[in-house]
Amino acid sequence: MPHSFGYRARTRDMFKRGFKEHGMIRLSTYLIPYRVGDIVDIKANSAMQRGMPHKFYHGRTGIIYNVTPRAVGVIVNKVVGNRYIEKRVNVRVEHIRHSKCRQEFLDRVQRNHAAHAEARQKGERVVLKRKPVLPREAHIVSTQGNEPQTMRPVPYETTI
């Protein structure tokens, strides 16, 4: 039997709503403010077919370049052949959410600022650079007072 190449072909699991998330879209979805420059994840919500992105963009991360009353414009990089093409996708707000990819960076900025301000009050310098985890120190494992043990699997028994 021939298969289709339609706009929503092979999206049975992709556009499926989550467990206990069926039905109307929450009002809080519409109350989230989006600004130009925000990083967002595109995740299509199948309860709203309007303004739904193409299946290729589902799960992609992009940057907002345009905001309208009901939708936003998102710049997404797409690999075509041996190059990246900057695609501009207009998506309704039901199908996007703020990305958490920068959250760790923003938390670190706040921690560093607080540590810098505290060190400045004390009049000392503080190193805020991240350092890679070094290899563990070399050590000798002794068997003195710690005899090696031979381990065997327990034989399978049925107790009925």
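Student: What does the secondary structure of the protein chain come to?

Tutor: In this predicted model, the protein chain comes to one helix and five strands, and read along the sequence these follow the pattern β-β-β-β-β-α.

Student: Which residues are in helix α1, and how many are there?

Tutor: Helix α1 covers residues 103–122, which is 20 residues, and from its first C-alpha to its last it reaches 29 Å, close to the 28 Å expected at 1.5 Å a residue.

Student: And what follows α1?

Tutor: The residue that follows α1 is Gly123, and its phi is positive, near 80°.

Student: Is Arg10 buried or exposed, and why?

Tutor: Arg10 counts as exposed because its relative accessibility is 57%, and the cut-off for exposed is over 50%. Lys20 counts as exposed because its relative accessibility is 70%.

Student: Changing topic, what radius of gyration does the protein chain have?

Tutor: The protein chain has a radius of gyration of 27 Å, whereas a compact globule of 160 residues would have one near 15 Å. Taken along the principal axes, the C-alpha atoms of the protein chain fill a box of roughly 75 × 75 × 40 Å.

Student: What share of the 160 residues is buried?

Tutor: Buried residues make up 22% of the 160 residues in the protein chain. The protein chain exposes about 14,400 Å², and 53% of that is supplied by carbon and sulfur atoms.

Student: How many positive and negative side chains are there?

Tutor: There are 31 positive and 13 negative side chains in the protein chain, and the centres of these two sets lie 11 Å apart.

Student: Now for contacts, what percentage join residues at least 24 apart?

Tutor: Counting contacts in the protein chain between residues at least 6 apart in sequence, 53% join residues at least 24 apart.

Student: Which residues does Tyr30 touch?

Tutor: If residues up to four places away in sequence are not counted, Tyr30 touches Ile25, Met48, Val93 and Glu94. Tyr30 itself is found in the segment before β1, and the C-alpha atoms of Tyr30 and Arg92 are separated by 9.8 Å, although these two residues are 62 residues apart along the chain.

Student: Why does Tyr30 count as partly exposed?

Tutor: Tyr30 has 38% relative accessibility, so Tyr30 counts as partly exposed, a class that lies between the cut-offs of 20% and 50%.

Student: And where does Arg70 lie?

Tutor: Arg70 lies in the loop between β2, residues 61–67, and β3, residues 71–80, and Arg70 counts as exposed because its relative accessibility is 57%.

Student: What is Arg70 in contact with, leaving aside its neighbours in sequence?

Tutor: Leaving aside neighbours within four places in sequence, Arg70 is in contact with Arg92 and Val93. Val93 is also one of the residues that Tyr30 touches.

Methods: Residues are numbered from 1 along each chain as its sequence is written. Side-chain values use heavy atoms; hydrogens and water are left out. Helices (H or I, at least four residues) and strands (E, at least two) are DSSP runs, numbered from the N terminus. The expected span of a helix is 1.5 Å times one less than its number of residues. The radius of gyration is taken over C-alpha atoms; the globule rule is 2.2 Å times the number of residues to the power 0.38. Buried means under 20% relative accessible area, exposed over 50%, partly exposed in between (1.4 Å probe, protein chains only). Contact means heavy atoms within 4.5 Å. Accessible areas come from the Shrake-Rupley method with a 1.4 Å probe; for residues, only the protein chains shown count as cover. Lys and Arg count as positive and Asp and Glu as negative; His and the chain ends are not counted. The place of a charge is taken as NZ of Lys, CZ of Arg, CG of Asp or CD of Glu.
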